[in-house]
Amino acid sequence: MAIARRVPALLVVLLTVAAVTSLGPPAAGHATVTTSSVRGTDGQKYSVTNHLTAEARDRGGQRREWLLVWAGGEQDFLAVLDATKGSRTYGAVVNTATIDGLTGNEPHHMQYLWHKGQRVYAGGLMSDTVFVLDVSRLPEVRLAGVNLPADTPCGSVPDAFWVLRDGTAYGSYMGGPNVAGPCTYTNGETRVGNGFAGSPGEVVRIGPDGRTLAEAPAATAAGEDPASCLNVPALPQATCANPHGIQVREDLDRMVTSDFFEVRHLLQPNVPPGANIARDTVRIFDIGDLGAPKLLSVSKMPDGPRVEAEPAEEEPRPVMETTVTNRPEHRGAFASTMNGAIYYTPDITAAQPRWRQVFDDATAFAKAFPADPPRSGGSAGAWLQTSPDDRFLFHVVLRGGPGSTHAEAGLVYVLDIRELLRSGGDPRCSVDTLAEVTAGGAEPDCPALAGVVPIVDPTTGGPHWGAMDNFDLGRDGYYHETDDIRRLAVSNYFVAQTGLDGDHRVCLVDVGKRGQLSLDRDFRDRGQHRPCVDFDRTRWPHGARGPARPHGVLFAVADRDVR
Amino acid sequence: MTWAAVVLAQHGHDVAPAGDGWATVVRVPVLGALVVLVGTVLLRFVAPAGRAVRVVAAGGAVVVVAGEALLASASPRPVDVAAGVAAPLVLAVAALAAAPFRVRAGWVVVAAATVLALAHLGRVPGAEAGDRVALLQAAVLTAVAALAWFVVTPVGRPAAQAPAVVLALAVLAGTTQLTALEPDRPVTGVPQVRDALGGRVLVAPQRPGWNLVQVAEAGTEVGTDPAALAPATPRPGAGGAWALVELPEGRSTLWVRRGGETAAVPVDAGTPTGPDLSSADGPECAAAAVGALLAGEVRALRGCPADHLDPADADVLRALLGFVAGRGHRSVTLVEDASARSVAAAVVVREAARRHGVEVTGWRPGGQGAAGPDSAGPGSTAPNSTAPDSTAPNSTSAGTPGPDTTGTGTSAPDSTGPGTPGPVSEPGRAPVLVVAGWVTADQALRAVASGALPGEGSYLAPWLLTAPLLRIPAGQLVPLRTHPQEPDRLDHVAALAAGAPDTTASPAGYAAWRGTPEPAPARLYAASLVTMQLSTTGHAHGSATWFPGGAVAPVSGPLPGT
């Protein structure tokens, strides 16, 4: 009876506890919250808030490596994942550094590779904003600067970044000037543009504090072939200058950019049927004066041997990515298209660089699916990256060509490019027959497929972006930068609004000594057997904010842990 | 103060009428409790109520009041929270608390509540259509509470029970009306959105005469005569598909047919006529009506945004001229139409242009190109005129290099030297300033995109920030006082997605939903699609935004004078 009499009181206590719990700390749970902020050129305050979980805390001297993932969702954030091999929290999201206030950025790319001392440049495709992040005290992230739309009047829609030795960065801006009409760049030149997200795009040099240091035109003064470079509305001087990929050889004073789309268009009804809205051009700049990049050449990628039923799936368009070789004895660069072709030029310092097709994604598909390989037309190849030692060329392909068998399978593959680079300024390799499309180039200097791993994504998208792990844990217990790449990160997401989405997983891929690839099955969510970390989750360190879309990925280590 | 938690999402009668399951579950106990309460009152002549009966009857009153409030919250009816819910509920609960006892002073409460109920009833004839039901509900539920107190009060002479019998019969009739019939009825003369055929149907202004009906898909047929339905078609600047339907006075039925399915939507146009939504600006006006409905304002539509120029928008237009002049432009192409707002805006623009020394050239749709400076009157606003839909390929030929199919790069010609110190306009490429409504704006923007109207940027009046107009690739710039990604605007977009998903987010709808003007100075925002459709098999998804698939980014500081 005594117990029965206490039941009401017990209920009151329980209800009170439940009420307090439900009204209590935000969804951050036990996360430690810190905020950093900067003031933009518009006078507004912008801030980033860390939500550090218990797993982020110092482990008494154990040094850790992190994978940074730039992701969009109800609130956009930079996720910090434990990427330390052998860590008991391997794959855990230990921090989400949320962008406060400014939503709908559509987080896109960061720089291709991070080196100690560098800031992270993280671009918002839709917000036309670049967030400059200090990652020296990882897993904590601090906002160091912000570059707003009005800070780049001659360009819009930032895509990718390359950080220079002085800590500043070049960014590729695919879209045209904020206001249609003439725009004068910081070097004094003027180009006429058709407006925000139109043409021509530009290259912007951004300081580590987020300020615009220079805007450089990507379009020639004389214009380009209007039949090949559709601009809507039409421009007095047609241009294909919509730079997406961007890489730099500071030792050669050269920057290479690849052109993508005039990004504002739906296929219909804005452009006439059959019009070329995808670009087939690569641009090379002289960056002897870092503050005034000067366009030297515009090269069109040659058509390949495939004859596609759909002209939009021919090899040379759109040139989404480019990557430079790295060693002093090499001067070449590669470029890849979303329609399966990889091109190479041996010398980016040449006045008239010659590009040739040296590989087709179809060869990698044939290796992965010998019985019934998917087509490479429309395969949406994306991330392309040479290894720092110039042995390998890594490539990520989103899917098999539309309508193909295994169309849901994307690829990560690696080419051995040593023979091609050894050929110096006179390579022989050329994919110019249909047999070479699926079997690889016949010439002895053609890249050899060293490894391939399919990543099946049943959604409309698949693997799109990637990053190399350029760190190695030394015997001294510190991390050191390495040229010997043994691991890659890959994210399965493109841009949902294009109809190419993804299953929102982030995967790690191990790279063998000879380039053989295998999915890292230990990098997964706790309690799950399926490899890869899933960003379609309910809860994050910053609360129950639901699924997120991971795009840019980057390996990084806290300053104190790397030598 | 009136309030409606969820004013949208009524259910039309499919050919086989159906209602929400939960509403039916609520109605049954409400009507049952009503019978108990009224029966107790009527039977007091022959069977005095004991303690248990008093408790049950008073409890029934609580169920009736609470249940009716719940039903009203999910109907289009406005609810007077204080008089229609709180006061009757407090009275009924108090009666329930007093029921075990015999409260002789209860007569005072019975009398006061009856007077209060009659007072509510007395206000009905003079009230607006949207408020009449709320007053009726307040009167009936207050009377229910009065009956509850009558039950718990000792009865004196039988003659004293006569008014109670009358009251009980009135309550029975009134509550039955509210509970069983009223939820399915539209509010007389107030725009409504109803579920039908798996989508939503908007009817505005729901007044006698021509009304705009919006449905989700083009080709859906609507009308008042099931044998002569008209197909709904898209309208520039707006989402969904639209048809003009002539409604008779009073209650009638709107028929909606898609494929082989037909649904009946009850409408009640009342008697007085409303604003004219048959003009080109009708969808914008309908969007304003939806915004007000989402905000819980159950009011007849009295006017449309295009009826007058908001002084704040006039300030913004003056500032736009200042911005354009500051970029060195000496002329603008003005796109206007015949609406009162556009005419007034054009006057403002011309005055500002004169002050800045900027020449104004008129443009009229229909492919006739530019008229002479200031020679063009307001453009045509025919709602069914077609806009140039295709885009000519780039037609410039500026000595460009030919295609290079060999893969050999071409050396870029040296830059033109140090360049010019500031922007210089190309001759004949003046900025286009659009102060027309959605239809003419759509035509002008398509003309800019196709090159039929050469322009260096399309500067839009503030009321033109709708996704369909921003999707056209014409270098749009819009002055706004807040970022479209601000939480308040996103809340509005989310409310639209939930309550009227076919209605495009628009400044008119947002202003009606917000209710108060935005105080911040205006900045210029660039707007464009930023994504291309690379796959037609997948479809975009993600958080609600004002401009799905596009960007609206601030590109200037505060505009002076705004």
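## A dialogue on chains A and B

Three strands of chain A make up an open sheet in the order β6-β7-β8, with antiparallel pairing; the model is a predicted one.

Colleague: In that sheet of chain A, which strands stand at the edges?

Modeller: The order of the open sheet is β6-β7-β8 in chain A, and the pairing is antiparallel. Two of these strands have a single partner strand each, so one side of each is left without a neighbour in the sheet. The strands at the edges are β6 (120-124) and β8 (142-147) of chain A.

Colleague: Which residue of β7(A) is the bridge partner of A:G123?

Modeller: Strand β7 (residues 129-134) of chain A runs antiparallel to β6(A), and five bridges join the two. From one strand of the sheet to the next, the twist averages 25°. Within β7(A), the bridge partner of A:G123 is A:V130.

Colleague: Which residue in β22(A) stands opposite A:A341?

Modeller: Strand β21(A) pairs in the antiparallel sense with strand β20 (residues 333-336) of chain A over four bridges, and in this pairing A:F334 has A:Y344 as its bridge partner. Four bridges also join β21(A) to strand β22 (residues 356-360) of chain A, and these two run antiparallel. In β22(A), the residue that stands opposite A:A341 is A:D360.

Colleague: Which residue takes a positive phi in the hairpin of β20(A) and β21(A)?

Modeller: The two strands of this hairpin pair in the antiparallel sense, and the hairpin has four residues between the strands. The residue that takes a positive phi, near 95°, is A:G340.

Colleague: Does A:P374 count as buried or exposed?

Modeller: A:P374 is found in the loop between α2 (361-368) and β23 (381-386) of chain A. Among the residues that A:P374 touches, not counting those up to four places away in sequence, are A:F365, A:G400 and A:A407, and the C-alpha atoms of A:P374 and A:A407 are separated by 6.2 Å although the two are 33 residues apart along the chain. Because A:P374 has 26 C-beta neighbours inside 10 Å, A:P374 counts as buried.

Colleague: Turning to chain B, within what arc do the buried residues of α4(B) fall, seen down its axis?

Modeller: Helix α4 (residues 106-123) of chain B has 18 residues and reaches 26 Å from its first C-alpha to its last. Its buried residues include B:G106, B:V109, B:A113 and B:H120, whereas B:V108, B:V115 and B:G122, on the other side, are exposed. The buried residues line one face of the helix, because seen down the axis of α4(B) they fall within an arc of 160°.

Key: Residues numbered from 1 in each chain as written. Chains lettered and ligands numbered in written order. Predicted model: local features only at pLDDT ≥ 70, side-chain atom pairs only at ≥ 80, totals over all residues. Expected span 1.5 Å × (residues − 1). Buried ≥ 20, exposed ≤ 12 C-beta atoms within 10 Å, placed from the backbone. Arc of directions from axis to C-beta. Pairing = 2+ DSSP bridges. Axes fitted to C-alpha atoms, helices over the stretch in contact; angles between N-to-C directions. Contact = placed C-beta atoms within 7 Å.
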